[in-house]
Amino acid sequence: MERNIEKCPKCENYTEGKPVYSQTRQMTRAAVKKGSSQLIGAGIGFFVGIFFGFVGCVPGAIVGYVIGLLVSSSSTVNDVTDSVDQQLYSSTLFRFDCPRCGHTWQKTYQNGADTVPDAVLEKQKSDLVQRLRGDASACITGAVVFGLTTAASAYYCLSHESSSTYTKNVWLIGDTEVTDYNWMWWFLCLVAVVCFFAAFSFVSSVVSKKADAKAIEQMSTDEYRHSAYRR
Ligand SMILES: [Zn+2]
């Protein structure tokens, strides 16, 4: 559902409208919501069931039912509900209650119309750029931490042996070759591999977040209005 924000005619405060649904429409929405959450739940239950074979169908269905109840308030279900709702109804009545002065007004919007004022979009745009920049610097810290861990573990593995073999004289059997494994080496080898991939993924998200921030910053308000970054 689009957010509808209007300037209060009395005090000019930006106010977000709340959709007002008729009783029939409320019932339709509730039915769609229930149907889509059960469908999602059943889908998940089906895949869970596959892992347990034929017997898994029963616990799968139960798990699916429970998950269906849990996801009923999720954004996916709400999105499905809104999109079905918008196909059935061409317009929605919105009610605005100004939180500053208490003035109340109503307006009917055609579904799909974008009425967010430029000033609100500009604020959202700069907030998003700031958030992306913050995320990027957090990712730099992650990349450095995992990079150093990779380097330290790799250094240990390169400067130590993974195992050592020596000859030992065993009573009645004679000389036998014994191999001692250096478990620390194997552990740090694993740490090095895992941390390498973690560092790599942090570096790539730094690059993509910085690129996104730059692209959004250079957009005009109107370009931002129609961009995919908005959601
Ligand atoms: Zn007001």
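What covers the buried residues of helix 4? I opened the notebook with that. The cover includes helix 5 and helix 6 (221-225).

**Ground rules.** I noted that this is a predicted model, where local features need pLDDT of at least 70, side-chain atom pairs count only at pLDDT 80 or more, and totals for chains, interfaces and linings use all residues. Residues are numbered from 1 along each chain as its sequence is written.

**Overview.** I listed 6 helices and 7 strands in the chain. Helices (H or I, at least four residues) and strands (E, at least two) are DSSP runs, numbered from the N terminus. From that end, I read the order as β-β-β-α-α-α-β-β-α-β-β-α-α. Of the 231 residues in the chain, 13% are buried. Buried means 20 or more other C-beta atoms within 10 Å of the residue's own, exposed means 12 or fewer, and partly exposed is in between, with C-beta atoms placed from the backbone. I then looked up contacts, which are pairs with C-beta atoms, placed from the backbone, within 7 Å. Among contacts between residues at least 6 apart in sequence, 63% join residues at least 24 apart.

**Helix 4.** I checked its length. At 1.5 Å a residue, the 42 residues of helix 4 should span 62 Å, and its end C-alpha atoms are 61 Å apart, which agrees. The expected span is 1.5 Å times one less than the number of residues. Its buried residues are Lys125, Leu132, Cys139, Phe146, Thr150, Ser153 and Cys157.

**Helix 5.** I ran the same check here. Its 36 residues should span 52 Å at 1.5 Å a residue, and the end C-alpha atoms are 53 Å apart, which agrees. I found Leu188, Cys195, Ala199, Phe202, Lys209 and Ala213 buried in helix 5. The buried residues of helix 5 pack against helix 4.

**The pair.** How do helix 4 and helix 5 cross, and within what distance do their axes come? The axes come within 7 Å and cross at roughly 160°. Axes are lines fitted to C-alpha atoms, for helices over the stretch in contact, and angles run from 0 to 180 degrees between N-to-C directions. Helix 4 and helix 5 are therefore roughly antiparallel, a label for angles over 145 degrees.

**The core.** Which residues make up the largest nonpolar core? I wrote down Cys139, Phe146, Cys195, Ala199 and Phe202, 5 residues in all. Such a core is a set of buried Ala, Val, Leu, Ile, Met, Phe, Trp, Tyr and Cys residues joined through C-beta atoms within 7 Å. Helix 4 (118-159) and helix 5 (183-218) each supply at least two of its residues. Helix 5 gives the most, with 3. Leaving aside neighbours within four places in sequence, Ala199 is in contact with Ala143, Phe146, Gly147 and Thr150.

**Ala136.** I found Ala136 in helix 4. Ala136 is partly exposed, with 18 other C-beta atoms within 10 Å. Not counting residues up to four places away in sequence, Ala136 touches Val206, Lys209, Lys210 and Ala213. Its C-alpha atom is separated by 9.1 Å from that of Val203, 67 residues apart along the chain.

**Positive phi.** Most residues other than glycine have a negative phi. I logged Glu12, with phi near 65°. Glu12 lies in the loop between strand 1 (5-7) and strand 2 (14-16). It counts as exposed, with 11 C-beta neighbours inside 10 Å. I also logged Leu172, with a positive phi of about 75°. Leu172 is in the loop between strand 6 (163-170) and strand 7 (174-181). With 4 other C-beta atoms within 10 Å, Leu172 is exposed.

Terms used:
Two residues are in contact if their C-beta atoms, placed from the backbone, lie within 7 Å. Angles under 35 degrees count as roughly parallel, over 145 as roughly antiparallel, 65 to 115 as roughly perpendicular and the rest as oblique.
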